[in-house]
Amino acid sequence: MEKLKLVKMDPYLKPYENQLYDRYKYALHKETELTQGTESLSDFATGYLYFGLHKLPKKWVFREWAPNATGICLIGTFNNWQETAEYQLKPMKNGVWEIELPEKAMKHGDLYKMKVHWNGGEGE
């Protein structure tokens, strides 16, 4: 087991060295798990700026992370809650799905949800 600098600097922590080391290793594991497919923990924390529905100049962009999906469609008041080809998301990389829609495809106040398909099932 590697010695943590914290324990080297503070001898009063010596009795807790094993527990501190276990927590340190768990934190590293969790960081790796959370940042899989991103550059850093900061990128993960700001994912809300990338995922979800965003109004951009002259278009809408919607992104979702669904690594086990085989198909995703936006359904809502704009398409009478029916799956339609123009609202089908496209798979990108690392389990990310995306759709870019023209500005007129949706309006402020429209309600929406995702219809997700996967091997063996589907759900909203």
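**Asn79 and its surroundings in a predicted model**

Good morning. The side chain of Asn79 forms a polar contact, at 3.4 Å, with the side chain of Thr84. I begin with this detail and shall then turn to the chain as a whole. Please bear in mind that the model before you is predicted.

Where does Asn79 lie? Asn79 is found in the loop between β3, residues 69-76, and β4, residues 90-91. Is Asn79 buried or exposed? Its relative accessible area is 10%, and because that value is under 20%, Asn79 counts as buried.

A polar atom of the Asn79 side chain also lies 2.8 Å from the backbone nitrogen of Gly76. If we set aside the neighbours within four places in sequence, the residues in contact with Asn79 are Leu74, Thr84 and Tyr87.

Let me now turn to the protein chain. Its secondary structure consists of three helices and seven strands, arranged along the sequence as α-α-α-β-β-β-β-β-β-β.

As for overall dimensions, the radius of gyration of the protein chain is 22 Å, whereas a compact globule of 124 residues would have one near 14 Å. Along the principal axes, the C-alpha atoms fill a box of roughly 65 × 35 × 25 Å. Of the 124 residues, 26% are buried. Among contacts with a separation of 6 or more, 54% join residues 24 or more positions apart.

Finally, the surface and the charges. The protein chain exposes about 9200 Å², and 55% of that area comes from carbon and sulfur atoms. There are 17 positive and 17 negative side chains, and the centres of these two sets are 3 Å apart. Thank you.

Conventions:
Residues numbered from 1 in each chain as written. Predicted model: local features only at pLDDT ≥ 70, side-chain atom pairs only at ≥ 80, totals over all residues. Heavy atoms only, no water. Helix = DSSP H or I, 4+ residues; strand = E, 2+ residues; numbered from the N terminus. Rg over C-alpha atoms; globule rule 2.2 N^0.38 Å. Buried < 20%, exposed > 50% of the residue type's maximum accessible area, 1.4 Å probe, protein only. Contact = heavy atoms within 4.5 Å. Areas by Shrake-Rupley, 256 points an atom, 1.4 Å probe, with all protein chains shown as cover. Lys, Arg positive; Asp, Glu negative; His and termini not counted. Charge placed at Lys NZ, Arg CZ, Asp CG, Glu CD. Polar contact = N/O pair within 3.5 Å; in protein donor to acceptor, adjacent residues only side chain to side chain.
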